[in-house]
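Have it open while you read.

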Amino acid sequence: MDLTYWLMLLKAPHVGVRTFYKALQVFETPEQVFSASKPQRKACGLFRQEALDFIEQNDTSLVQADLDWAKADNCHIVSLIDTTYPEQLKTIADPPPLLYVRGDVSCLSLPQIAIVGSRNPSPSGKQNAHEFAKSLAKHGVVVTSGMASGIDASAHIGALEAESPTIAVCGTGLDRIYPAKHKSLAHQISTKGALVSEFCIGTAPVAANFPRRNRIISGLSLGTLVVEASIKSGTMITAKLAAEQGKEVFAVPSSIHNPLSKGCHQLIKQGAKLVETIDDMLDELQFSPIKTRHTSKSSVCEKNTNNNSSVLLKYLSYDAVNVDEIVEKSNLSPQIVTQELLLLELENKVAKVNGSSYSLK
């Protein structure tokens with residue numbers, strides 16, 4: 001296969017995934033599109049003059065940056081006809097003809113669950129994403145997400161802490177990190193797992209790219225878990241795409257006073273499975289987890305004795321909870337609970353209510 005012409009055809013103006021596949025219904029290979037006559041090209045859906053002029057020009061230097069990128073260590077461009085192309089992704093209506101991958105290509109074919117959610121989650125939402133991801137990773141499931149701030153990043157970090165591969169699907173070319181603050185996280189992901197994109201080298205973070213990115217997140221995965229989301233958000237688009245792809249949709253419920261619970265609650269009303277532990281997902285998917293590294297309970301409520309303040313967050317909600325109730329549930333001393341609640345209050349994560357109760361902010 002000549003990768004050059006796959007890249008060239010996808011780079012042609014007004015040639016998207018559907019036009020690309022329509023062309024391959026007429027021609028056996030992308031290279032034949034470039035050697036065909038103009039009437040033959042029009043017959044396969046290439047009507048736009050800009051696309052016809054681009055193909056007629058046949059300037060292979062326009063894809064040299066992509067070819068050079070693929071020569072670097074740990075960088076790959078995988079086509080739909082390659083044996084390493086993930087089978088799960090092939091089942092969606094419009095799989096990307098090419099995938100840019102930085103990292104371990106083989107992990108794209110491992111069983112995956114996507115974890116997605118708000119870019120501005122509550123502390124308990126971030127913790128849930130982190131603990132669900134960590135627990136799934138310990139049971140042999142690869143966590144896939146979009147490397148966005150908030151829930152996505154928490155999920156990737158949870159998987160990495162379990163020393164498991166994790167996959168980040170990007171809405172830019174893989175020579176760019178978005179958001180820029182996740183440069184270190186992206187490096188860790190590419191070392192342990194993989195960064196993935198369908199966008200050519202040099203592609204900037206344009207808003208229209210992210211719904212396309214989202215279909216890959218859900219398409220790679222057996223199911224998609226929504227942790228927190230507003231009704232109108234990219235997360236809800238991902239959940240919708242997952243359902244349209246015939247994939248399972250899962251949602252974590254929350255307090256009715258949490259504005260970010262509305263998306264999850266709507267999904268549950270529409271038939272998404274309510275999730276409290278990873279067993280709820282594994283049972284639905286009939287997936288037999290392979291426990292790795294060390295045995296762990298499936299609940300997201302695993303104790304973290306090294307971080308009492310993080311432990312306390314799971315006993316708090318948007319409804320006020322009395323200090324005595326927190327002490328009883330956490331098995332921590334009243335002194336420690338009071339001290340950690342004060343720290344959380346100073347960090348603006350909780351609010352004191354009626355003198356002896358606390359709620360999430």
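1. Ser 145 sits opposite Ala 168 of S5. That pair belongs to strand S4 (residues 142–145) and S5, parallel strands joined by 3 bridges. Pairing here needs at least two DSSP bridges between the strands; helices (H or I, at least four residues) and strands (E, at least two) are DSSP runs, numbered from the N terminus.

2. Some housekeeping: this is a predicted model, so local features need pLDDT of at least 70 and side-chain atom pairs pLDDT 80 or more, while totals for chains, interfaces and linings use all residues. Residues count from 1 along each chain as its sequence is written, and side-chain values use heavy atoms, without hydrogens or water.

3. On its other pairing, S5 runs parallel to strand S6 (residues 194–197), again with 3 bridges; Ile 167 has Ala 194 as its bridge partner.

4. Which way do the residues of strand S5 (residues 166–169) point? Thr 166 and Ala 168 go one way, Ile 167 and Val 169 the other, and all are buried (under 20% relative accessible area; exposed is over 50%, partly exposed in between; 1.4 Å probe, protein chains only).

5. Now look at Arg 213, in helix H11 (residues 209–220). Arg 213 is buried, because its relative accessible area is 6%. Its contacts (heavy atoms within 4.5 Å), leaving out residues up to four places away in sequence, are Arg 119, Gly 146, Val 169, Cys 170 and Gly 171. The Arg 213 side chain comes to 3.1 Å from the backbone oxygen of Gly 146.

How values were computed:
A polar contact is a pair of N or O atoms within 3.5 Å; within protein, one must be able to donate a hydrogen and the other to accept it, and residues adjacent in sequence count only if both atoms are side-chain atoms.
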